[in-house]
Amino acid sequence: LKIKNNPVVTEGNFNGGVLLGETGVNYRVNVARDERNIRLTGDEYYRFTGESIISNNFFDNQLNNNFKLSYQAVLDNENPKGDINQTSNYNHGYDLALSTWGNYKPTDGVSNLDYHLDVNMNRKNSMESALKQSPLRVVNGDTVASYIGKVETKGIEWTLDSRLEWSRVFYTGDIIHKFMVGTEPQFNANTGQGKILDSNFNYYAFDSKQRSYSFNSVPGQFLLNLYSEDVITGHLLFDYNVVASFRYDMFRPYKFNLSGLWGNGDLVKSHQGSFFNPRFSMMVYLSQYNQIRLTAGTTSKSPPMSTLYPPETVVTWRNPQDGTISYYRYNERVPDLKGSREAQYEVSFDQKISNILGFTVSGYYKRRTNESESQPVPVFNTITTNGQSSTYLVDAYSLSANSGMTETKGLEFKLNTSKIKPLNLEIQISASYLSIKSFSNNLSYNGTPDLTTGQYANYLVPGTDTLIGYLYPAGNSWTDLLDIKYYLKYTHPTLGLWVTLSIDQTAIQRRQTNDGDLNDLAFASTNPTLLATYKFNTDIKSQPNKFLFNLNISKALFPGAEVSFYVNNFLDDPAIYRYLSALPATYSESSRNPSLFYGLEYSMTFDNLFGGK
């Protein structure tokens with residue numbers, strides 16, 4: 001039994017298990033009540049969770065099999081009293097999952113077959129509504145200045161996961177191999193009515209481009225992979241452990257290409273691409289006190305279906321000549337957008353000093369290419385009146401393209417002690433430095449260029465001799481962070497007391513953005529305002545050093561029972577950061593630490609209470 005209470009969540013867990021003959025049955029029940037805002041009444045919601053696992057062994061324990069049935073339901077009727085926005089939401093969805101997994105060990109004693117199958121159904125049944133403001137307009141014969149906007153989500157998310165993996169241990173001389181091959185097919189789909197909106201009273205805004213769309217209009221996503229791994233253990237001057245592996249990812253495969261065997265395209269053609277990802281890692285045990293670890297390899301990731309099949313965008317446009325209204329529908333789907341790939345390299349060194357102190361130093365580099373980025377597509381309308389043509393910008397929509405790249409570099413250091421017995425104290429210090437740089441080959445578009453900042457119209461409308469809008473490089477950005485964490489863990493066995501003090505220090509936090517929206521030719525004008533704006537936009541933005549203190553105190557009550565009290569940010573320090581947000585002298589503030597938060601947890605094991613083992 002475990003009970004948890006804090007100002008936001010009240011939660012109870014009860015779990016256990018029984019043995020019925022040769023069958024083990026485990027169960028868990030969870031009930032929770034959550035507050036969105038403790039100052040409001042009517043915005044609470046409840047969550048109910050239950051699961052049961054049945055385990056059996058067959059054929060003299062050669063086959064182990066497990067079944068799990070789980071269910072989670074949300075009862076959420078949000079209608080906060082006195083809310084000026086007249087918020088009225090509900091969520092009556094539930095999640096139902098059935099899983100089976102296990103392994104088969106043949107009598108040879110050196111091979112093993114693992115399997116897993118999981119079917120999940122997530123029922124979506126929710127509604128959000130609130131008061132929305134709009135300019136005076138006529139809708140269905142009535143003049144409207146405000147309205148209640150509503151959006152409903154109705155459908156079912158289906159997920160089918162599976163895994164089949166065979167492994168075997170064998171020897172080549174004195175070298176041990178643990179060889180494994182496997183596959184992990186996965187299928188995801190959304191079905192049902194989808195998002196339901198009234199375009200006259202749009203929930204997102206009166207002029208929102210979003211419209212209703214059906215989940216059935218988006219195909220399912222089938223992901224398939226094949227992988228193999230060989231874990232090699234041996235001795236050559238030093239003891240070593242080597243892992244050589246590969247993974248062949250196929251994102252929505254549709255055709256087998258035999259010519260891919262000799263390098264003519266992918267072996268399996270897939271809508272989001274097929275990727276062969278090798279991976280190599282090695283650990284060398286230099287002595288009983290230190291070791292070195294090396295890792296290199298690639299991974300790939302498919303873009304989400306929401307990027308491949310976004311809902312259709314609808315835009316209204318008013319003809320400035322005759323006042324008529326036109327509707328433009330934009331199809332932003334990119335069903336053959338490819339996945340991204342990331343290369344990673346890492347080296348680590350572990351050192352133990354006697355049995356008292358140990359530390360680890362790691363450095364890594366990652367480079368992810370082919371990331372999905374939005375590319376603007378401006379839309380124009382040319383109107384001919386009395387033999388004279390006029391071209392107007394209607395709007396711009398976006399199409400995703402594989403044009404982004406991210407570089408990540410980092411250093412990590414971790415120092416920890418064994419228990420300092422005279423003080424009953426353990427100390428741990430970890431520091432990590434992270435640097436991220438993002439690049440994009442995309443272009444950005446501004447339909448209303450600002451001449452004062454050097455933005456001159458340079459986009460030639462196709463089929464005309466008219467320049468409308470400013471096209472410029474998307475630019476790049478970088479950020480870095482140095483974070484240091486300190487842990488002090490004190491125990492008092494006689495009192496049954498555990499005290500953990502954690503301190504999180506952000507020593508460095510910086511960022512810089514280099515936008516491409518300023519025309520280089522403009523700097524020749526030596527415009528002081530332009531130069532000041534450019535410098536402000538491209539300067540490195542640094543945040544000062546800050547600390548966050550957390551405390552956890554646990555006390556044993558009797559065998560099998562304990563109570564814990566925790567408080568996060570117990571100094572109640574919001575770490576306010578005041579910064580210049582816009583020229584000439586506009587300052588803003590933000591809180592960098594979470595609010596003070598505390599809670600109580602109680603747990604008890606009934607077996608110990610009643611004398612069981």
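These are my notebook entries on a predicted model of a protein chain.

**Entry 1: the whole chain**

I began with the overall picture. I found three helices and 33 strands in the chain. The C-alpha trace spans about 95 × 70 × 55 Å along its principal axes. Of the 613 residues, 34% are buried. I also looked up the contacts with a separation of 6 or more, and 62% of these join residues 24 or more positions apart.

**Entry 2: the largest pocket**

Next I turned to the pockets. The largest pocket has a volume of about 420 Å³. I counted 18 residues in its lining, and those closest to the centre are Phe206, Asp207, Arg211, Thr316 and Tyr327. Which elements supply at least two residues each to this lining? They are strand 8 (111–139), strand 18 (313–318) and strand 19 (325–330). Strand 18 gives the largest share, with five residues. Sorted by class, the lining of the largest pocket holds eight nonpolar, four polar and six charged residues.

**Entry 3: the second largest pocket**

I then moved to the second largest pocket, with a volume of about 350 Å³. Its lining has 17 residues, and Asn190, Phe215, Val218, Met305 and Ser306 lie nearest the centre. At least two lining residues come from each of strand 9 (142–172), strand 11 (186–197) and helix 1 (305–308). I noted 10 nonpolar, five polar and two charged residues in the lining of the second largest pocket.

**Entry 4: the largest nonpolar core**

Which residues make up the largest nonpolar core? I listed eight: Val315, Trp317, Tyr328, Tyr330, Val379, Ile383, Val394 and Tyr397. Two or more of these residues come from each of strand 18, strand 19, strand 21 (357–385) and strand 22 (388–417). Strand 18 and strand 19 were already in my notes, as each supplies at least two residues to the lining of the largest pocket.

Leaving out residues up to four places away in sequence, Ile383 touches Trp317, Asn319, Gln321, Gln388, Ser389, Ser390 and Tyr392.

**Entry 5: helix 2**

I looked up how helix 2 (residues 528–538) sits among its neighbours. The buried residues of helix 2 are Leu530, Phe536 and Thr538. They pack against strand 27 (497–514), strand 28 (541–543) and strand 31 (576–582).

Ser300 is in strand 17 (residues 290–301). Is Ser300 buried or exposed? I put Ser300 down as buried because its relative accessible area is 16%, and the cut-off for buried is under 20%. Its side chain makes a polar contact of 3.0 Å with the side chain of Asp249. Another polar contact, of 2.9 Å, joins the side chains of Ser300 and Asn277. Leaving aside neighbours within four places in sequence, I found Ser300 in contact with Asp249, Phe251, Phe275, Asn277, Ser340 and Arg341.

Ser444 is in strand 24 (residues 443–446). I noted Ser444 as partly exposed because its relative accessibility is 21%, and partly exposed begins where buried, under 20%, ends. Ser444 and Tyr472 are 28 residues apart in sequence, yet their C-alpha atoms are 5.4 Å apart in space. With neighbours within four places set aside, Ser444 is in contact with Pro376, Tyr470, Leu471, Tyr472 and Ala474.

I finished with the backbone. Most residues other than glycine have a negative phi, and most peptide bonds are trans.

Where does Asp60 lie? Asp60 is in the loop between strand 4 (44–58) and strand 5 (63–78). Its phi is positive, about 55°, although Asp60 is not a glycine. I marked Asp60 as exposed because its relative accessible area is 77%.

Leu237 also has a positive phi, near 70°. I located Leu237 in the loop between strand 12 (221–236) and strand 13 (238–251). Leu237 counts as exposed because its relative accessible area is 75%.

Pro584 is in the loop between strand 31 and strand 32 (586–591).

Terms used:
Residues numbered from 1 in each chain as written. Predicted model: local features only at pLDDT ≥ 70, side-chain atom pairs only at ≥ 80, totals over all residues. Heavy atoms only, no water. 1 Å grid on protein atoms, 1.4 Å probe; cavity = no way out; pocket = protein on both sides within 12 Å on 5 of 7 lines; lining within 4 Å. Points joined across faces, edges and corners; volume = space filled by probe spheres on them. Helix = DSSP H or I, 4+ residues; strand = E, 2+ residues; numbered from the N terminus. Nonpolar A, V, L, I, M, F, W, Y, C, P; charged D, E, K, R; others polar. Buried < 20%, exposed > 50% of the residue type's maximum accessible area, 1.4 Å probe, protein only. Contact = heavy atoms within 4.5 Å. Core = buried A, V, L, I, M, F, W, Y, C linked by side-chain atoms within 4.5 Å. Polar contact = N/O pair within 3.5 Å; in protein donor to acceptor, adjacent residues only side chain to side chain.
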